[in-house]
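Please open the structure in your viewer and keep the selection panel at hand.

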Amino acid sequence: MLSLDVLAVALTVEGTLIAAALGGLVVLRLYLVWRARQVEAGVARLEPLLHAWLVEDADLGAVVAFLRAQPPHVAFRSVARLATAYVTFERQQILAPLLRGEPWVQRILRHGRSMFWWRRFDAARLLSIVGGPDDVTMVAALLSDRSPAVRLVAIDAAARLGGRLVDLELDSLPGRQDAVQQYQFAALNRHPAIVAEALVPRLRPEVPAVMLNAWIDAAGASANPVALWRVRDLALHEAPEVRLHVARALRRHAEPETVPVLLKLLTDDDWRVRAQAARALGALRVISAARPLALAVRDRAWWVRYRAALALAQIGGEARELLLEVSRGSDPLARDMSALVAGLSSAAVVEMSEV
Amino acid sequence: MSSELTAWFVYLVTTADVAILWYMLLVNSFFALLLVLAAPQLFAHWRFGSEDVLARSLTSSAVPRVSILVPAHNEAVTIVDSLRALLTLQYPYFEVVLVNDGSTDDTMQRLLEAYDLYEVPPAVMRRLRTERVKAYYRSKTWTKLLVVDKQNGGKADSLNVGLDAARFPYVLACDADTLIEPDALLRLARPFLFDQKIAAVGGTIRVVNSCTVEEGRIIDARVDSRWLSGIQTVEYLRAFLFGRLGWNLLGGNLIISGAFGLFRRDYLTEILGYATSTVTEDFELIVRLQRYLKEQGAAAKVVFIPDPVAWTEVPTSVAVFGRQRERWHRGLISTMVAHRALIFNPRYGPTGLIAMPYFLFAELLAPVVEAVGLVITVLCTFAGVLSLRFAVFFFVAAYLFGTLLSLAAILMEEVSFHRYRRPLDTLRLVFFAFIEPFGYRQITVWFRLKAFVRYFQGDHSWGRMKREGFGAAAAPAAGVRPAA
C-alpha cells in the first residue's frame with residue numbers, strides 16, 4: 001500500500017518538476033525568441049546581398065564575407081532558406097565552391113557522420129547547396145542513412161553532384177514505393193542531362209519488369225527524347241505492366257512515330273494499357289486518333305471510357321464534335337461519360353487529364 | 001455481527017481504495033511513458049518540417065494525389081469560407097469532394113451560387129452501399145471541386161459516398177467546420193515520401209475559438225479566455241503533442257481524427273469504408289483498419305505527425321460540451337464492444353496487447369474508476385477508515401501529476417511550433433492547466449458516465465448541435481476527439 005512517505009516524495013518530485021517546467025517556459029521563450037530574431041536578422045541582411053549578386057551581378061565576395069561573420073547557425077539557416085527559395089541550380093554551382101571552404105560550412109559538414117540524425121540532416125541539407133566532388137563518399141553514405149529524413153534530403157545533394165550517385169539513386173528507384181520513386185526522381189532530375197545519360201542504357205527489354213517499370217516512369221518524367229525513343233521500342237513487351245508504363249510515359253513524346261504505337265496500345269487486351277494510351281493520345285493532341293478514341297468511349301472498362309472522353313475533349317475541334325455525338329448515342333455508359341466530360345470547362349479538362 | 005459487517009465493509013472499501021490508487025499510479029505512469037516517447041519525435045518532426053525543406057516538396061510534381069472528402073450537413077453559415085480555404089491549399093495535386101448530406105438549411109443553395117455549380121451525369125464507380133445520391137455537380141470556376149448532393153444518411157454515409165466519387169489514391173477526410181492550414185496537406189503527405197509503409201496519417205487539431213479568422217485562414221492564434229474552451233485548448237495540446245505521438249512507438253494510433261486524416265484509399269475501400277452504425281466513425285474506422293492490417297499481415301502503419309495543423313471550434317457551453325463528450329464515450333464503448341476480440345489477443349500484436357487494453361482500462365473505464373474512487377475516498381475519510389492527511393496528500397499528488405503533464409505539453413508546444421506568440425496566451429494556457437482538475441474533470445466524468453446509461457438504452461443519436469460561424473463563440477457540429 002502507498003504510504004504517506006511515498007506520497008510525500010511524489011509530491012516533492014512533482015512540485016520540483018512543475019517549478020522546473022514553469023522556469024523552463026520562461027527561459028525557453030526568451031531564448032527561442034532571441035534565436036529566431038538572430039536568424040531573421042541574418043536572412044534580412046543576406047537577402048539584399050544575394051539579390052545584388054543575382055540581379056546586378058555584384059561581387060559574390062560580399063555574400064561570402066557576410067556569412068563568415070555570422071554565427072554558424074545563423075549563416076546556415078540563412079543560406080538554407082534563401083538558397084532554396086531564390087538561387088537557381090546553375091547559380092548554386094557558382095556559389096558552392098566559394099562557400100565550401102568556409103569554416104562554418106566545414107563545421108556543419110563534419111556532422112555528416114554524427115550519431116545524431118539532426119546533425120546529419122543539416123549536413124545533408126548544406127551539401128545540397130555547397131556539395132562538391134570531394135563530398136561524393138559522404139553523400140553516398142547519407143543516401144543510405146538509417147533516418148528517412150536524412151535520405152530524402154541527401155537526394156538533393158546527389159542530384160547536384162551527379163556521377164555514380166545518380167547511378168546509385170537510379171538503381172534504388174525500383175525498390176521504392178510509387179510516391180517515393182516519383183519524388184526521388186523529381187529531385188534527381190534537377191540535373192537532367194546527367195540523369196538521361198545514366199537512364200538510357202537501362203531501358204532494355206531483357207531487364208526485369210519491376211526495374212524496367214520504374215525506369216520507364218523516370219524516362220517519362222524526364223521527358224528526354226532519347227530516353228523516350230528507347231521507351232517506345234518497349235511497346236510490344238510481353239508484360240502488360242511494362243506496356244502500361246510505356247503508354248503512360250509516351251504522353252510526353254510528341255513525335256509522329258509515337259502515334260501508331262499508341263493506337264496499337266489503345267486496342268491492348270489489358271484495360272489499364274488502353275486507358276493510358278487514350279490519355280497519351282489526348283495529351284499529345286492527336287487529331288487523327290479521334291475516331292479510335294470515340295470507339296474507346298464505348299469500352300467496357302470505366303477508366304478507358306473516362307480517359308478516352310477526356311482525350312477527345314482535350315484534342316478539341318472535330319474530336320469534341322465526336323464526343324458530343326457519343327453523348328447523344330444509344331450506349332448508356334458511353335452517353336453518361338461523354339456528357340460528364342463535355343460539360344467540363346477547358347481548365348477542368350486539362351487538370352483532370354493531367355492527374 | 002454488526003462489528004463483523006463493519007470489518008467486512010472496511011476491508012472492502014480499503015481494498016477498493018488501494019486498487020484505485022494502483023490504477024491511477026499505473027495510468028499516470030503510462031501517460032509519463034507516452035510523454036517520454038513523444039519528446040524526441042516532436043523534435044524530429046519540428047526539424048524536418050522546416051520551411052526550406054517543405055518548399056522543396058511544394059515545388060515537386062511528385063507528391064501523392066489527394067482527394068479531400070468533406071461531409072456537410074446544415075453548414076450554411078460556414079460552408080463557403082471553409083470550402084474556399086480548402087480549395088486554396090498549397091498543394092500541387094488535389095480535388096475536393098464535398099458531400100451535402102441532405103441539409104435542411106440552404107447549404108446547397110449557397111454552394112450552387114458561390115461556386116457556379118452545374119449538374120453532371122453520375123459517371124462514378126460505385127463500390128460502397130450508401131443512401132441515394134441525388135446529383136453530382138462540378139464548378140465552372142473551381143476545377144478541383146466536385147459536389148455530391150445526397151439523401152441524409154449521416155457523416156459516415158457521406159464519407160462513403162465521397163470515397164466512391166474520389167479519383168485519387170489518397171483521401172483526406174475532414175469536417176466542413178475544420179480550417180486546414182495552407183501547408184498542412186503538404187506536411188501530412190510527408191510520411192508517404194519516407195518510403196515507409198503507411199496506411200493512414202493523422203495531424204494535429206487545435207482550438208480555433210478566439211483566433212482571428214479571415215476567409216478561412218487563421219490570421220492570429222489566440223487562447224480563449226473563457227474557462228471551458230481555454231481548458232479544452234490545453235487538453236487538445238496534451239492529447240495531440242504527446243498522447244498520439246507516443247503511440248507511434250507503441251504499436252500505432254487507434255485514433256486519427258475524423259476532422260483531419262490522410263488515408264490510402266485502397267485500404268478504406270477494402271474494409272468497406274466507414275461504419276454507419278457508430279457515432280464515432282473515426283475511432284471505429286481506425287480500429288477496423290488496424291484489425292484488417294494485422295489479419296492480412298500487412299506491414300502498413302497508422303501514424304500521427306504533429307506539424308500539419310487544422311483548427312476546429314470547441315463547445316463553449318456546458319450543455320453542448322456534455323452532449324459531445326457523452327457521444328464520444330458512447331462511441332468508444334460501442335467500438336470496444338464490437339472489436340472486443342482484439343483485447344489481449346496476441347494475434348493483433350501491440351494493437352491487441354497494448355492499445356486496446358489501454359483504451360479499455362484507461363479510457364473506457366476511467367470515469368467509472370474515478371467516480372467510484374472519489375465516493376469511496378470521501379466515505380472512508382468521513383468514516384475514519386482513511387486518514388484525512390492521506391486523502392489530502394493523495395488528491396494533491398494526483399492533481400499535481402495532471403498539471404505536470406499539461407505543463408509538459410505547453411512546454412513542448414513552446415519549444416517546437418510556438419503557435420501562440422503572445423506571452424499572455426502562454427500565461428492563459430498555464431492558468432488553465434492549473435484549474436483543469438477543479439470542476440472540468442468532474443463534469444467530464446459525469447457526461448462520460450451518462451454515456452454508459454445511454455449506450456445500454458440503445459441510443460445511437462448524435463445529439464443536436466448549433467453552429468454560429470468562425471470568430472464567434474460556437475459549437476462544433478461533430479467535434480474532434482482529443483483523447484490520448
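**First stop: two helices of chain A**

Select helix H6 (residues 117-130) and helix H8 (residues 148-161) of chain A, whose axes come within 8 Å and cross at roughly 20°. Helices (H or I, at least four residues) and strands (E, at least two) are DSSP runs, numbered from the N terminus. Axes are lines fitted to C-alpha atoms, for helices over the stretch in contact, and angles run from 0 to 180 degrees between N-to-C directions. The crossing angle therefore makes H6(A) roughly parallel to H8(A); angles under 35 degrees count as roughly parallel, over 145 as roughly antiparallel, 65 to 115 as roughly perpendicular and the rest as oblique.

The model is predicted: local features need pLDDT of at least 70, side-chain atom pairs count only at pLDDT 80 or more, and totals for chains, interfaces and linings use all residues. Residues are numbered from 1 along each chain as its sequence is written, while chains are lettered from A and ligands numbered from 1 in the order in which they are written.

On H6(A) the contact includes A:Trp117, A:Phe121 and A:Arg125, and on H8(A) it includes A:Val150, A:Val153 and A:Asp156. Two residues are in contact if their C-beta atoms, placed from the backbone, lie within 7 Å. The residues of this contact comprise nine nonpolar, one polar and four charged (Ala, Val, Leu, Ile, Met, Phe, Trp, Tyr, Cys and Pro count as nonpolar, Asp, Glu, Lys and Arg as charged, and the others, Gly among them, as polar).

**Second stop: a covered helix and an exposed proline**

Select helix H10 (residues 178-188) of chain A, where 10 of the 11 residues are buried. A residue is buried if 20 or more other C-beta atoms lie within 10 Å of its own, exposed if 12 or fewer, and partly exposed in between, with C-beta atoms placed from the backbone. Among the buried residues of H10(A) are A:Val180, A:Tyr183 and A:Phe185. Which helices do the buried residues of H10(A) pack against? They pack against H8, helix H9 (164-172), helix H11 (192-199) and helix H12 (209-222) of chain A.

Now go to A:Pro48, in helix H1 (residues 4-56) of chain A. A:Pro48 counts as exposed because it has 11 C-beta neighbours inside 10 Å.

Select chain B, which contains 15 helices and 12 strands. Buried residues make up 53% of its 484 residues. Along the principal axes, the C-alpha atoms of chain B fill a box of roughly 85 × 45 × 45 Å.

Within chain B, select helix H10 (residues 318-338) and helix H11 (residues 349-364), whose axes come within 11 Å and cross at roughly 150°. That angle makes H10(B) roughly antiparallel to H11(B). B:Leu332, B:Ile333 and B:Met336 of H10(B) meet B:Phe359, B:Leu360, B:Glu363 and B:Leu364 of H11(B). This contact has six nonpolar, no polar and one charged residues.

**Last stop: where the chains meet**

Show both chains together: 49 residues of chain B are in contact with 49 residues of chain A. Elements that each supply at least two residues of the chain B side include helix H1 (2-48), strand S3 (117-120) and helix H13 (388-415) of chain B. H13(B) gives the most to this side, with 16 residues. By class, the side of chain B that touches chain A has 32 nonpolar, seven polar and 10 charged residues.
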